[in-house]
Amino acid sequence: MYFRLYNSPGTFQWMMTSIFQELLHEETLANYMNDFVIPAKTEKELEKYTIKFLKIAEKYNLCFK
């Protein structure tokens, strides 16, 4: 890592885990670094979990490309 950011991947993963801990504990979200997977059985369930995920992301001012 440049600029002495030796632990930045671990710090980023810790931040994502702490922000989305509620969804991770409910097993409605799986994440590794910047990859997020929302498992669902139906489209309605997927929509519900996605909206919940985006509301949490908005609360913490996270942006996605």
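These legends accompany close-up views of a predicted model of one chain.

**Figure 1. Overall fold and confidence of the chain.** The chain has 3 helices and 2 strands, in the order α-α-β-β-α from the N terminus. Helices (H or I, at least four residues) and strands (E, at least two) are DSSP runs numbered from the N terminus. The C-alpha trace spans about 45 × 20 × 20 Å along its principal axes. Mean pLDDT, the predictor's confidence in each residue from 0 to 100, is 89 for the chain, and 95% of the residues score at least 70. Among the elements, H1 has the lowest mean (88) and helix H3 (residues 43-59) the highest (96).

**Figure 2. The largest nonpolar core.** A nonpolar core is a set of buried Ala, Val, Leu, Ile, Met, Phe, Trp, Tyr and Cys residues joined through side-chain atoms within 4.5 Å. The largest one has 8 residues: Met16, Ile19, Phe20, Leu23, Leu29, Phe53, Ile56 and Ala57. H1 and H3 are the elements that give two or more residues to this core, and H3 supplies the largest share, 3 residues. Buried residues (under 20% relative accessible area; exposed is over 50%, partly exposed in between; 1.4 Å probe, protein chains only) make up 18% of the 65 residues in the chain.

Figure 3. Thr28 lies in the loop between helix H2 (21-25) and strand E1 (30-32). Thr28 counts as buried because its relative accessibility is 7%. Contact means heavy atoms within 4.5 Å. Beyond neighbours within four places in sequence, Thr28 contacts Leu23, Val37, Ile38, Pro39 and Tyr49. With residues up to four places away again left out, Leu23 touches Thr28, Leu29, Lys52, Phe53 and Ile56.

**Figure 4. A nonpolar surface patch.** Phe12, Trp14 and Met15 form a nonpolar patch of about 320 Å². Met15 belongs to helix H1 (residues 8-19) and, at 32% relative accessibility, counts as partly exposed. Areas come from the Shrake-Rupley method with a 1.4 Å probe, and for residues only the protein chains shown count as cover.

**Notes.** Residues are numbered from 1 along each chain as its sequence is written, and side-chain values use heavy atoms, without hydrogens or water. Local features need pLDDT of at least 70 and side-chain atom pairs 80 or more, while totals for chains, interfaces and linings use all residues.

Definitions and conventions: Patch = residues over 30% accessible without salt bridge, like charges linked within 9 Å, V, L, I, M, F, W, Y side chains within 5 Å. Salt bridge = Lys/Arg side-chain N within 4 Å of Asp/Glu carboxyl O.
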